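Notebook open, structure up next. I want to look at ring contacts and then at a sheet.

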Amino acid sequence: MDDELRARIEREIEKHALHNALKHESDAQVGAIMGPLMGENPEFREYGDEIPGLAGPILASVNELDREAKRDRLETLDPEAIEDLDSEDEEDEHPLPDLPNAEPGEVRMRVAPNPNGPWHLGHARMPAVIGTYKDRYDGSFICRFDDTDPETKRPDLDAYDQILSDIDYLGFEPDEVLKASDRLETYYEHARELIEAGGAYTCSCDGENFSKLKNAGEPCAHRGKDTETILEEFEKMVDGMYDSGDMVLRVKTDIKNPNPALRDWVALRMIDTPHPREAAEDYRCWPMLDFQSGIDDHLTGITHIIRGIDLQDSAKRQRFVYDYFDWTYPEVVHWGHVQVDAYDVAMSTSTIKERIDAGVLDGWNDPRAPTIKSVRRRGIKGEALVSAMTGLGTSTSNVDLSMSTVYARNRELIDDETDRRFMVRESIDPYQDTNPEPQEALTMPIQDGDSVANPPVHPDHEDRGTRDIPVGDAVRLEADDLPAEGERIWLKGYGAVRSEGEQLVPTGDDLSVVREGAVDVVHWVPAAESIPVKMRTMDGVVKGWAEPGLDDHDPDDIVQFERIGFARIDSRSDGETIAYHTHP
């Protein structure tokens, strides 16, 4: 970035840091300011990986100021922000807006996934928000699998447990778990009651002809059938005596409704493809989502529904059924779609599956896949994802989630507890571009070897002690870190060395040469005892070597490879450590 842009970003960081510190009467945190910063300045998003590094010193400076100095500085930068702070009621502050007509202890909500595959990142928004509302109102929520389409959105038998695992990863537990495919007889019984109330009729029109009549606001010939005939034909549907497309049950609405989508919509239809669940494989008459979901929402006591703005017609269709049964419809909150940056793959279950089947992605936990399984494998905590998702609110506008916001929040959660380690990169193999020529890490003999370096386990926690890294007779360096003949570098945790005659010679300089900027600080590993590492990232596979202490970490441990970023230890194979890059 150029100097002008850098200065602007730094000014915005300072403004948001001051506002955050004053609002919460505590130290400003990087994760807390990233969402508002990116939301107000979307042009900053391409620099998301760099901004936390810029923010650190600025936040440290802000946090040293007393309250009055913070107010004075913020008033200089943004007078309106001071007015907003003065008008806010801190006691009513929540990450989400109030639910309409919500009473503590009475709120009951639901997540209703279609288990046609593992969840992508966009799916995390619903349980994150509903779980947060549950905690806020001391309410409850159910997980209801809407799996009544065994053909077009065919359920994946593994997805049921995978989705429940993802909800657990996000930090929530459903109060009840239901499968709609277990409840077919319930839908049939309510369909019979609807028929007897004059609210539904069987129809054998082909789709094209009915569409013409519906769009013209004209009823089809079947609309006036007597109740006895409708019930008889519906029982034949239940018994599987019609083929797919031969017969449907329609909800009788207003055939001249201004919105054609609300005119006599289909409640149940015939499907020849057996359901993959053994308990449901014999059924052939299946409810449409609007009918099934509407019935279930009432029977399970749902008080508030959150759904996409594109599903406004669903509520309107369901209200016809609720009116026939004299039920009260739940409160509804509509929101826009969420799109997540940083990925080249669309957040679509079918698209991700196609990429996996084609071999473009290794699986649902490939670091390039925008899925919950992927970020879990990288070591990102569910709490960080929930914080980012709830920060988007419930606006009806489409919203963008910057992964840098997730990373900043996750960094706050894991930084203090994460040990530091050195890693020297040897090569980077991108996934798609032509692979570059491997650039080997360079081995340099070091004079007076066999000593031990003692960098800290964590730079901010002296009580955690130091790591003992045997230097040996030689060290590995990244090629770009190799000093020219006669030049000095500082081997972190060891000291200053000079390049002399194709070897490194300790100089005895103290740390002042680093403070004065006279030498570069370099990360290194011992040549003799280093650990081979293969680290998968979103861009490619990074191969290299880590200090021997990496073997002290078990799979699932998070480490920070200094200068590279956080990584989760995934596995070990033939002496090589497999890691997944978490984020910078």
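This is a predicted model: local features need pLDDT of at least 70, side-chain atom pairs count only at pLDDT 80 or more; totals for chains, interfaces and linings use all residues.

I count a charge as sitting over a ring if NZ of Lys or CZ of Arg is within 6 Å of the ring centre and within 35 degrees of the ring normal. By that rule I found Arg476 over the face of Trp545, 3.8 Å from the ring centre. Arg250 lies over the face of Phe210 at 3.3 Å.

Residues are numbered from 1 along each chain as its sequence is written, and side-chain values use heavy atoms, with hydrogens and water left out.

Next, ring pairs. I paired rings of Phe, Tyr and Trp (its six-membered ring) with centres within 6.5 Å; planes under 30 degrees apart are stacked, over 60 edge-to-face, the rest tilted. That gave me nine aromatic pairs. Phe145 and Tyr160 have centres 5.0 Å apart and planes at 65°, so they are edge-to-face. I checked burial too (buried is under 20% relative accessible area, exposed over 50%, partly exposed in between; 1.4 Å probe, protein chains only). Phe145 is buried at 1%, and Tyr160 is buried at 5%.

Tyr283 and Trp286 are also edge-to-face, at 6.3 Å and 70°. Here Tyr283 is partly exposed at 22%, while Trp286 is buried at 0%.

Strands are DSSP E runs of at least two residues, numbered from the N terminus, and two pair if DSSP finds at least two bridges between them. I have three in an open, parallel sheet, ordered β1-β2-β3. The edges are β1 (108-111) and β3 (176-179).

Note on methods:
Helices (H or I, at least four residues) and strands (E, at least two) are DSSP runs, numbered from the N terminus.
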